[in-house]
Amino acid sequence: MSSMDPDKPQPIFDALVIPPSALEQGGVEVLRAAIVDGGLHVSLRRAFDDPEAWGMLIADITRHVARIYASEDKFREDETIERVRALYDAEMDAPTDPGTTSAIS
């Protein structure tokens, strides 16, 4: 017997599409992040032997974010990178919410 009420609207998760190159060539998802009720929820795979590789991944993501903002004429790429970097450094020095992490697999 299902505990779901058929009359109650079900929550919607607005997932991103899988990158076309991953569909064509395969790959391994290493990070999924969702905002739920204003909070960050993350699934990740350690994926790399050396944690320094995560620094490169975060830098690459920052550049992608900067290009998206620039393409929408919100901020210049360099301005977005500096804004992200400034808040990243501030959060690393004094987290507003350190959160918790547990391994689930």
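Here are a few questions and answers about helix packing and pockets in this predicted model.

Me: Which residues of α3 make the contact with α2?
Reply: The crossing of α2 past α3 is right-handed. On the α2 side, the contact is made by T62, R63, V65, A66, R67, Y69 and A70. By class, this contact has six nonpolar, two polar and three charged residues. From α3 come E77, T80, I81 and V84.

Me: Which element gives the most to the lining of the largest pocket?
Reply: This pocket has a volume of about 2,000 Å³, and 36 residues line it, with L31, L40, V42, I58 and Y88 nearest its centre. The elements giving two or more residues to its lining are β1 (31-36), β2 (39-44), α2 and α3. With nine residues, the top contributor is α2.

Me: How many nonpolar residues are in the lining of the second largest pocket?
Reply: Its volume is about 1,300 Å³, and among its 29 lining residues L16, V17, P19, E29 and L31 lie nearest the centre. At least two lining residues come from each of α1 (20-25), β1 and α2. Along with three polar and four charged residues, the lining has a nonpolar count of 22.

Note on methods: Residues numbered from 1 in each chain as written. Predicted model: local features only at pLDDT ≥ 70, side-chain atom pairs only at ≥ 80, totals over all residues. Heavy atoms only, no water. Left-handed = near helix turned anticlockwise from the far one by under 90°. Helix = DSSP H or I, 4+ residues; strand = E, 2+ residues; numbered from the N terminus. Contact = heavy atoms within 4.5 Å. Nonpolar A, V, L, I, M, F, W, Y, C, P; charged D, E, K, R; others polar. 1 Å grid on protein atoms, 1.4 Å probe; cavity = no way out; pocket = protein on both sides within 12 Å on 5 of 7 lines; lining within 4 Å. Points joined across faces, edges and corners; volume = space filled by probe spheres on them.
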